[in-house]
Amino acid sequence: MVNLTGRGVTQKQGHPAKDPEYLSLLHDLPCCICAYYGEQQTTETTAHHVIHGRGGHRKTADGLAISLCRDHHQDGGGGKVAIHRSSKEWKQRYGLDTDWSSWCAAEVAKLRKERICIPKK
């Protein structure tokens, strides 16, 4: 299909799915990198929207976000590589950030299940 100027018409992509509860629960998890590699986590856990392979500056769905300590996410303190400071080095050391989404999603699912089972006072 083309428009009146002869250019192809494409449908705009929708916005990525939002899940504020998922992002909140990520903050209750350990940093997935510190946990896997046995590193001591010395800063709080933050939610990182995956960036490897997304193309452009478009934010990915909340359900793909991963739990990273501030050092692995943005600061790079304690000799850790921060993904937003050196994405290439982070990828060489830890792999694609998207590879950690399934682990984080499974851990969030466990937290959701635990919270459903706990009777409210």
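1. Start with His72 and its neighbours. Skipping residues within four places in sequence, His72 is in contact with Cys31, Ile33, Cys34, Glu39, Lys80, Val81, Ala82, Ile83, Trp90 and Tyr94, where contact means heavy atoms within 4.5 Å. His72 lies in helix H3; helices (H or I, at least four residues) and strands (E, at least two) are DSSP runs, numbered from the N terminus. At 0% relative accessibility, His72 counts as buried. The cut-offs here: buried is under 20% relative accessible area, exposed is over 50%, and partly exposed is in between, with a 1.4 Å probe and protein chains only.

2. A word on what you're looking at. This is a predicted model, in which local features need pLDDT of at least 70 and side-chain atom pairs count only at pLDDT 80 or more, while totals for chains, interfaces and linings use all residues. Residues are numbered from 1 along each chain as its sequence is written, and side-chain values use heavy atoms, with hydrogens and water left out.

3. Back to the His72 side chain. It makes a polar contact with the side chain of Glu39 at 3.2 Å, and a polar contact of 3.2 Å also joins the side chains of His72 and Tyr94. A polar contact is a pair of N or O atoms within 3.5 Å; within protein, one must be able to donate a hydrogen and the other to accept it, and residues adjacent in sequence count only if both atoms are side-chain atoms.

4. Is Lys80 buried or exposed? Lys80 is buried, with a relative accessible area of 11%. The Lys80 side chain reaches the backbone oxygen of Gln40 at 2.7 Å. Leaving aside neighbours within four places in sequence, the contacts of Lys80 include Glu39, Gln40, Asp71 and His72. Lys80 and Glu39 sit 41 residues apart in sequence, with 9.4 Å from C-alpha to C-alpha.

5. Now the aromatics. The structure holds five aromatic pairs. In one of them, Tyr37 and Trp100 are tilted, at 6.4 Å centre to centre and 55° between the planes. For the cut-offs, rings of Phe, Tyr and Trp (its six-membered ring) pair if their centres lie within 6.5 Å; planes under 30 degrees apart count as stacked, over 60 as edge-to-face and the rest as tilted. This pair links distant parts of the chain, 63 residues apart: Tyr37 in helix H2 (residues 32-37) and Trp100 in the loop between helix H4 (87-94) and helix H5 (101-117). Tyr37 is partly exposed at 38% relative accessible area, whereas Trp100 is buried at 10%. Tyr36, Tyr37, Trp90, Tyr94 and Trp100 form one aromatic cluster.

6. On to the strands. Strand E1 (residues 45-48) and E2 pair in the antiparallel sense over four bridges; two strands pair if DSSP finds at least two bridges between them. Which residue in E2 is the bridge partner of Ala47? That partner is Ser67. From strand E2 (residues 66-69), Ile66 and Leu68 point one way and Ser67 and Cys69 the other way, and all are buried.

7. The largest nonpolar core has 24 residues, and Leu26, Ile33, Ile66, Leu68 and Trp90 touch the most other members. Such a core is a set of buried Ala, Val, Leu, Ile, Met, Phe, Trp, Tyr and Cys residues joined through side-chain atoms within 4.5 Å. Helix H1 (20-26), H2, E2, H4 and H5 each supply at least two residues of this core, and H1 gives the most, with four residues. Beyond its neighbours within four places in sequence, Leu26 is in contact with residues including Ala47, Ile66, Cys104 and Val108.

8. Ser101 has its place in helix H5 and is buried, with a relative accessible area of 9%. Not counting residues up to four places away in sequence, Ser101 touches Tyr22, Val50, Leu64 and Ile66.

9. Last, the cysteines. The structure holds zero disulfides, a disulfide being a pair of cysteine sulfur atoms within 2.5 Å.
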